[in-house]
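Here is a short briefing on one protein chain. Read it with the model open, and follow the topics in order.

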Amino acid sequence: MVKEGLAIHGNSKSVSAVKSYAAFGKAKPAENEKVYVSAMESPGCFFCLVSGTEEKLLALMSEISSVYDSLSKDELAVNVISVGDVCCAQFSEDNQWYRAVVEDNVNGALTIRFIDYGNTETVPISRTKILKDSFFAEPPLVVKCSLFGVKPAAGETWPDESATLFEELTFEKELNAKFLSFTEPFEVQLNESGVDIGEELVQAKLAVSTKTEVESIAQGKQTSGQYTDPVIECGEMYDVVMTHLSSPGKFFCQLENMKEQLDGSKCL
């Protein structure tokens, strides 16, 4: 009950408790943004900071430091924490405190991701503290992304060379980003001074384009004389009618502009 925020320890002076990552609000980038890549694992997994939020980030870090640098060892101490929980963690390189989420817990060694930067580190639980409720007001300042329209040239895993080139193309550069999906990890197209990052990976033979695959499949269906699936584009808005609901995570919608076509194809 303490962990869920429904109770506190009898000797505690704070009402704060460990909370899950779901307690944060959701990031909602615009369709077109200027971004910086703040951390990356591969072209299929990287983190972007939207340009213009740098001052907000600095102010947040200053406020966190003013609170957590003054705490004693036992204040806001974390005793139990699970994967998916949020904490305030001390980064080993500068001993500063940052908001973080637990991604793995192996015998008390926590793999955490700093949610306002995107980088990870493994720390003991002693280098974490409960994140005060006031620091949940601001959603994470970086968003998790994957590069739209490309996949590894061979197999399912991105080779190290692709990560190296991706970093060279994006490091400390303001990029034009087009967001083509609505939830994390966001699928994005990245462009820097007219250079399409995905196309550069394709040209280097480290990736293949998936855009032509989608187009050829759609074209094949349109000319086959068989039933054609509706074609929709990520990032676009459509008028729909919900036709069946299993749960909030599984439901079916019909495009309004296909109503007449579907009505005319009903079996008699």
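**The cavity and what surrounds it**

The largest cavity holds about 50 Å³ of space. The model is predicted. One cavity of 30 Å³ or more is counted.

**Cavity lining**

- Which residues line the largest cavity? They are Leu147, Phe148, Gly149, Val150, Gln189, Leu190, Asp196, Gly198, Glu199 and Lys211.
- By class, the lining has four nonpolar, three polar and three charged residues.
- Strand 12 (186-192) and helix 3 (197-203) each supply at least two residues of that lining.

**Chain overview**

- The chain has 268 residues, and 34% of them count as buried.
- Five helices and 16 strands are assigned in the chain.
- Among contacts with a separation of 6 or more, 62% join residues 24 or more positions apart.
- The accessible surface of the chain is about 16,200 Å². Carbon and sulfur atoms account for 52% of that surface.

**Nonpolar cores**

- The largest nonpolar core has 35 residues. Ile64, Tyr68, Ile81, Ile112, Phe114 and Leu131 touch the most other members.
- Several elements each give this core at least two residues: strand 3 (45-50), helix 1 (54-68), strand 4 (85-90), strand 5 (97-106) and strand 6 (109-114).
- Another core, of 23 residues, lies apart from the largest one. Its members include Trp158, Phe186, Leu190 and Ile197.
- What does Ile64 contact, leaving aside neighbours within four places in sequence? Its partners are Cys88, Trp97, Arg99 and Phe135.
- In soluble globular proteins, nonpolar side chains tend to be buried together.

- Leu190 is found in strand 12. It also lines the largest cavity, and it belongs to the 23-residue core.
- Is Leu190 buried or exposed? Its relative accessible area is 2%, so Leu190 counts as buried.
- Beyond four places in sequence, Leu190 touches Val35, Val37, Phe46, Leu147, Phe166, Leu175, Asn176, Ala177, Val195, Asp196 and Ile197. Of these, Leu147 and Asp196 are also among the residues lining the largest cavity.
- Leu190 and Glu33 are 157 residues apart along the chain. Their C-alpha atoms are separated by 9.9 Å.
- Asn191 also has its place in strand 12. With a relative accessible area of 23%, Asn191 is partly exposed.
- Leaving aside neighbours within four places in sequence, Asn191 is in contact with Leu175, Asn176, Asp196 and Ile197.
- Asn191 and Leu175 are 16 residues apart in sequence. From C-alpha to C-alpha they are 5.7 Å apart.

**Loops and backbone details**

- A cis peptide bond joins Glu184 and Pro185, with omega about -5 degrees. Pro185 sits in the loop between strand 11 (175-179) and strand 12.
- Leu76 is not a glycine, yet its phi is positive, about 55 degrees. The residue lies in the loop between helix 1 and strand 4.
- Why does Leu76 count as buried? Its relative accessibility is 13%, and the limit for buried is under 20%.
- Asn107 is another residue that is not a glycine but has a positive phi, about 50 degrees. Its place is the loop between strand 5 and strand 6.
- Asn107 counts as exposed because its relative accessibility is 82%, and exposed means over 50%.
- Lys205 lies in the loop between helix 3 and strand 14 (207-209). With a relative accessible area of 69%, Lys205 is exposed.
- Lys205 and Ala153 are 52 residues apart along the chain, and their C-alpha atoms are separated by 6.6 Å.

Definitions and conventions
Residues numbered from 1 in each chain as written. Predicted model: local features only at pLDDT ≥ 70, side-chain atom pairs only at ≥ 80, totals over all residues. Heavy atoms only, no water. Core = buried A, V, L, I, M, F, W, Y, C linked by side-chain atoms within 4.5 Å. Buried < 20%, exposed > 50% of the residue type's maximum accessible area, 1.4 Å probe, protein only. Helix = DSSP H or I, 4+ residues; strand = E, 2+ residues; numbered from the N terminus. Contact = heavy atoms within 4.5 Å. 1 Å grid on protein atoms, 1.4 Å probe; cavity = no way out; pocket = protein on both sides within 12 Å on 5 of 7 lines; lining within 4 Å. Points joined across faces, edges and corners; volume = space filled by probe spheres on them. Nonpolar A, V, L, I, M, F, W, Y, C, P; charged D, E, K, R; others polar. Areas by Shrake-Rupley, 256 points an atom, 1.4 Å probe, with all protein chains shown as cover.
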